[in-house]
Amino acid sequence: MKNQSNQLSKLLLGSLAALVLLLSSCGKANQGSASGALSGNAASKVYVAPGQYDEFYAFMSGGFSGQIAAYGLPSGRLLKVIPVFSVDPEKGYGFNEETKPLLNTSHGFIPWDDAHHPALSQTNGETDGRWIFINGNNTPRLARIDLTTFETAEILEIPNSGGNHSSPYLTQNTEYVVAGTRFSVPIPQKDVAISSYAENFKGALSFVKVEPNTGRMNIEFQVLMPALNFDLASSGKGPSHGWTFFTSYNSEMKNSLLEVNASQNDKDFVAAVNWKKAEEYLKAGKAKDFPANYMHNVYSDETHMATSTAMKSVKVLIPSECPGLVYLLPTPKSPHGVDVDPTGEYIVCSGKLSADITAHSFPKMLKAIEDKAFDGEVGGVPILKFESVLGGTVKEPGLGPLHTEFDGKGNAYTSFFISSEIVKWKVGTWEVIDRQPTYYSIGHLMVPGGNSMKPEGKYVVALNKITKDRYLPTGPELTQSAQLYSIDGDKMELLLDFPTIGEPHYAQGISASKIKPKSKQFFKLSENKHPYVTPTEKDAKVVREGNVVRVYMTTIRSHFMPDNIEGIRVGDKVYFHVTNLEQDFDVPHGFAVMGANNAELLIMPGQTETLLWEPKSVGVIPMYCTDFCSALHQEMQGYIRVSPAGSATALRWWLGDEKPVQ
Amino acid sequence: MFFIAAALMLTLFVFPMWQITLIAPQYPQGVTMYIWINKITGSEEGTLQNINILNHYVGMKYIEPDSIPELKYFPIVVAAMSLLGMALAFTGRWKWWMGWLILGLIGCGLGLYDFYLWEYDYGHNLSPTAPIKIPGMAYQPPLIGNKMLLNFMAKSWPYIGGWFIGGTFILGGIAVWLQKRNTPIA
């Protein structure tokens, strides 16, 4: 009996095992055919041999990491993580005295933000590789990153905004980057009942002018819109240049349980702003000066430091006083993406609760305005008749359309969050050509240059919100992902999956040849205008001003000058102004002090950076170079003697035999 | 023609006469130092500093152009020689030309010997406190040619100015030969 049951259980176990095997192999087979990556020569298409370069740079927003990650495509190799709205102890960003001002706001120092949509600068509707802009969603900000250094060069706070989401979406010559508010808020802010939303709240659309040579940003004007929630934006191209289109939701104007209350109307609005008209009104003196508090932070590669300027007012245009400035285009339903195609004719709207993709026609919109084909108004802004602006509809392509990019060959690629796929369709005929699944829940997608007039339509990258079982698990928090598809042929082909930094909301891609030749190798020491630069070892010194001690220090392989310092006292504020004297590329030096409530410095050749250290107890404190700089990197170290407060220990410093070397 | 040959010498003020290139895995593009008649420069602004940084590990002296007196008086010698040659060109006397060429060759030989002495000094006269000491190792770059020095391949070759000097003697020699043929035997 016992034997029998044993045999039976063995048999059962055996068949179970077989079943499991069968199932798992089925699963694998399914996955294989679905991904397409096992068929054909996908691997060779993404293989970039050691020492070879990728064809494209991809810049992916880090979402709630506040960063931008630069990748190479097609390999998916991570090249650099650029801190923007974040602090980064690795680079000392937000820790050293030079970069702290970049994170200043009217609310004080804010070390974090939610970075969503990178936008490469454009000239004549084509990416030019000069700068990349990105929005800070939480505390409304806009940042500019310099693509010669891959570092944050400027951060501008956006006043009268409640979340900078529909941003930066710049114009075809980078005349403007825009900043549409996600939340409507009282403008100016005041203490009112939240339920007075429809009456007291306004939504500001900011137009930030970009100085063509320096890239410097300045809020040129804001358009004060009714209490809508603005989502994304797209600036016109070619014939539609001069207009910017913003999607909005919550045309119901509710302030609570929005997932239900803002999903009732069949149509919401795309706001079409004629910014050339706005410039005319501005010139005619129609703008009102509104008091506002916001910070403008600019970093200089000459002084190697950022400065903050407090700004006090902003120019505001009121649509009811400026006829022809803005129109509302009814659009099904809670639209997310709004994307002007490369010809500038169609404005493709992805109504995320709609079954269709709606494309408005720019020429029809102009005609409707001319014919005054209005269908009421909201807060003084005319609504155009839906039928009079509709250019075409892609019928039932999928569920939850979010965002569309173009390949320059007449095709569009739309991401579908709910049905988790990319759908390729033809602009003009509105027919679906192909669909490919994504793993899983794609948000935005990106074709290099796919939002410009000249897409480089070789790949589309899916930016996925959820990965579930796609990678080795890492506890409860899993990576988000990017997926690379070839779009050379009629059918899209999945080539590669790779993890991303933070949540990649949107990305930009560009031919490496537009950036690589301009990439800076190091800073010229002779051009260093930092106020505390130490241009040679002979200039190194330690200066006391009350309880402030300034150490003018240099680094070169493989020593600090000075590397022994005495005469520091408990209670001092010690500023180490460290200049890296190296003039060769890829020779940074690091600097760290034991017990400093701070990060390290990571100083590029020719640069000066400052670490603040406030010694709290008596002793001899080690300091050293943190970046493996040379064969004698380990020896690149020194001591700082800390004496009691008020002690008479003389201020002395040296290198080598108590006298400067060289 | 002899005039041109003598004038070619002046190109030394326009082009470097010699180059020394160091190549190692960490320096894929190489580090190149150019030796002029009156200065020492690099392929980039920081090259000399970078070479000095590399050299200091093995205790070589800093290369400081200001401390090399030859860079001050060689230009005078070269300018004088060139002017003399150009003046002699008008005499049309091939024997004088010949003499000038021989003088020039001796001068070049002495210059190269001087260069060798400097190289020897830099390569052998090492600091007793050098971080890296390898018994029996010297770091003298080749006078002309390629040589491995630890992890570096050192290449030492004439550069544009040097090629023109070669041109001086070739052209000068031809001028002498032609002139001699055309001169009736007295």
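The model is predicted. Chain A has 7 helices and 46 strands, and 52% of its 662 residues count as buried.

**Overall build of chain A**

- The radius of gyration of chain A is 29 Å, which agrees with the value near 26 Å that a compact globule of 662 residues would have.
- Along the principal axes, the C-alpha atoms of chain A fill a box of roughly 95 × 85 × 50 Å.
- Among contacts in chain A with a separation of 6 or more, 62% are between residues 24 or more positions apart.

**A helix pair in chain B**

- Helix H3 (residues 70-91) of chain B and helix H4 (residues 94-124) of chain B have axes that come within 10 Å and cross at roughly 165 degrees.
- Angles over 145 degrees count as roughly antiparallel, and H3(B) and H4(B) are therefore roughly antiparallel to each other.
- The crossing of H3(B) past H4(B) is left-handed.
- On the H3(B) side, the contact is made by Glu70(B), Val77(B), Met81(B), Leu84(B), Gly85(B), Leu88(B) and Thr91(B).
- On the H4(B) side, Trp96(B), Trp97(B), Trp100(B), Gly104(B), Gly107(B) and Asp114(B) take part.
- By class, the residues of this contact between H3(B) and H4(B) are 7 nonpolar, 4 polar and 2 charged.

**Where the chains meet**

- Chain A gives 7 residues to the contact, and chain B gives 7 residues.
- The side of chain A that touches chain B consists of 3 nonpolar, 1 polar and 3 charged residues.

**Cis peptide bonds in chain A**

- Most residues other than glycine have a negative phi, and most peptide bonds are trans.
- The peptide bond from Tyr439(A) to Tyr440(A) is cis, with omega near -10 degrees.
- Tyr440(A) sits in the loop between strand E30 (432-437) and strand E31 (442-446) of chain A.
- Met561(A) and Pro562(A) are also joined by a cis peptide bond, with omega about -5 degrees.
- The loop that holds Pro562(A) runs between strand E38 (559-561) and strand E39 (564-569) of chain A.

**Positive phi in chain A**

- Asn124(A), a residue other than glycine, has a positive phi near 50 degrees.
- Asn124(A) lies in the loop between strand E6 (119-123) and strand E7 (126-136) of chain A.
- With 12 other C-beta atoms within 10 Å, Asn124(A) is exposed.
- Thr174(A) is not a glycine either, and its phi is positive at about 55 degrees.
- The loop between strand E10 (162-166) and strand E11 (176-183) of chain A contains Thr174(A).
- Thr174(A) is buried, because 23 other C-beta atoms lie within 10 Å.

Definitions and conventions
Residues numbered from 1 in each chain as written. Chains lettered and ligands numbered in written order. Predicted model: local features only at pLDDT ≥ 70, side-chain atom pairs only at ≥ 80, totals over all residues. Helix = DSSP H or I, 4+ residues; strand = E, 2+ residues; numbered from the N terminus. Rg over C-alpha atoms; globule rule 2.2 N^0.38 Å. Buried ≥ 20, exposed ≤ 12 C-beta atoms within 10 Å, placed from the backbone. Contact = placed C-beta atoms within 7 Å. Axes fitted to C-alpha atoms, helices over the stretch in contact; angles between N-to-C directions. Parallel < 35°, antiparallel > 145°, perpendicular 65-115°, else oblique. Left-handed = near helix turned anticlockwise from the far one by under 90°. Nonpolar A, V, L, I, M, F, W, Y, C, P; charged D, E, K, R; others polar.
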